[in-house]
Amino acid sequence: MPKIKAPVKNPHIDMTPMVDLFSLLLTFFMLTTSFRPQEAAVVDSPSSVSEKQAPDKNIMTILIDSSGRVFLNMDNGKDTTRHVRAEMLQDMAGKFKNYNLKFTRKELTDFSKLGSFGSHLDTIKRWIDASTGAQRQKFQTGMPLYDTVNNEFKYWIYFALTRNPDADVAIKADGNTDYKKVKKIIDILQDNKVNKFNLVTNLQKQEVTLKDIPKDAGK
Amino acid sequence: MAEIIQDEKGKKGGKRRPKKHSTRIDMTPMVDLMCLLITFFMLTTAFSKPKVMVITMPEKNKENKKDDNQVKIPEFRTVNVILSGKDQIYYYNGLADPKKPLPNIVKSNFSKDGIRKVLLARNKDLFTRIVNYRDSIITGKSKIFIYTDETKKPVFAREGKKVFKSTDEGGSWSQIPAGNPPPAEDVSMAQIISMNAQLSELVVQIDKEKKKILKREALPSEVNGIVDAATKGMKREDHKGPIVLIKADEKAKYRDVVNIIDEMAICNIASYAIVDISPIEMQMLNNAAK
């Protein structure tokens, strides 16, 4: 009997379960990713070998871009019962009575949810009320701090640390910022009894072993 | 050719079958896109944690601005590093006293052969000790034991003669300074407790609450914290290494300061501080730049 060869069919794998699984995984990741709030300015941090993680809760971040503009970002506190940002804003309104700032409840809640900010007190209401991100960005001009008359930054820090004394302080400055501007920020923070700073950097490992010690190591 | 024409004619003449649309959709491009999207989301969730470098500044005191108020540091240990802009880094040894001849100022850079070589040469002993210590822990030559109470909460740790206690923030340790050093290498817990006052206090506390002390080997995740604490302890006890004073002038950028503090960590420098630049040094810089 001649052997009947069954015709070889190309196997078609049914992809439906695979696509199904992919959709599930994708939905999971889409829901669990929390996007970072838009930062006020693009900052290119310098690199260091430090591998320590930044604390993600209860932290105050000071952003300094390459031209020296300063922005402040503050957490709302250790847990959801604290409303540090809203309290800070009202303290500033109370201190600078000449601007005559009055915030509605909605403005206070909006402010609590926003990210880093840096504008003169007279434009801050318009910043909070801006409807789109692009419009909001127009008001981010950086905080005034370099002239002693209008040193709003000093008061923001003072009220932030009064309302939340155990917050960590992080400084995220661009590599090309003049050091003297960063030093000014550090001086203001030291005036407010902060002596421990977290400088935000990118990780770049360096391998240094005993072989790197120069052979003629004397004095 | 005639045959072909005939064939076509034949086909036309035959039954007209409507074209059957295949109901099979090729899923490959869709799976491809899904794959890409998932990879994107998997990677972006990992990106959000930035790293930090911790620096501690000495407290400012505004009242006394006299130089005499500064703590006396031995001149032979001092290395002054002056930053003056992109890759402009100078250093000199000792102190610059206007009444005495000025020390020699040397230009350097941030490469491997620059300031790092200078600092490694000055800090040879401490650097070697720290590297050897880390190696001995990683290769397992020295073991770390963790002592916990009944609730498995770690209370203190021991590595050879060094004792550490865990701090309130989970995962951090600090070394308890030794009392009288024990006579032999191989010491029992009882001997260490009898010689280390702080440790015996801890043990007494646990004893009072009628809790037992359990001993176990350290997990890899705890080893890093303990090695860091030991390194800090070694730096604190060092009295021979260089004291680096970092000064930045008007032209220095933030990146330069971060780089030099990084070099401090790489070369395991025990003590360094960021201080203000003095007029004499500005003059020395001007002379050196020529």
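Predicted model: local features only at pLDDT ≥ 70, side-chain atom pairs only at ≥ 80, totals over all residues.
Strand S2 (residues 78-83) and strand S3 (residues 89-93) of chain B run antiparallel and are joined by 5 bridges, where strands are DSSP runs of E with at least two residues, helices are runs of H or I with at least four, both numbered from the N terminus, and two strands pair if DSSP finds at least two bridges between them. Within S3(B), Tyr91(B) is the bridge partner of Val81(B). Residues are numbered from 1 along each chain as its sequence is written, and chains are lettered from A and ligands numbered from 1 in the order in which they are written.

These two strands belong to an open, mixed sheet of 5 strands, ordered S4-S3-S2-S10-S11 in chain B. Because strand S4 (106-108) and strand S11 (271-275) of chain B stand at the edges with a single partner strand each, one side of each has no neighbour in the sheet.

Let me turn to the contact between the chains. Chain A gives 48 residues to it and chain B gives 42, two residues being in contact if their C-beta atoms, placed from the backbone, lie within 7 Å. On chain B, the elements that each supply at least two residues include helix H2 (28-47), strand S1 (51-56) and helix H8 (254-266). Strand S2 (residues 52-53) of chain A pairs with S1(B) in the antiparallel sense over 2 bridges, and Val52(B) is the bridge partner of Lys52(A).
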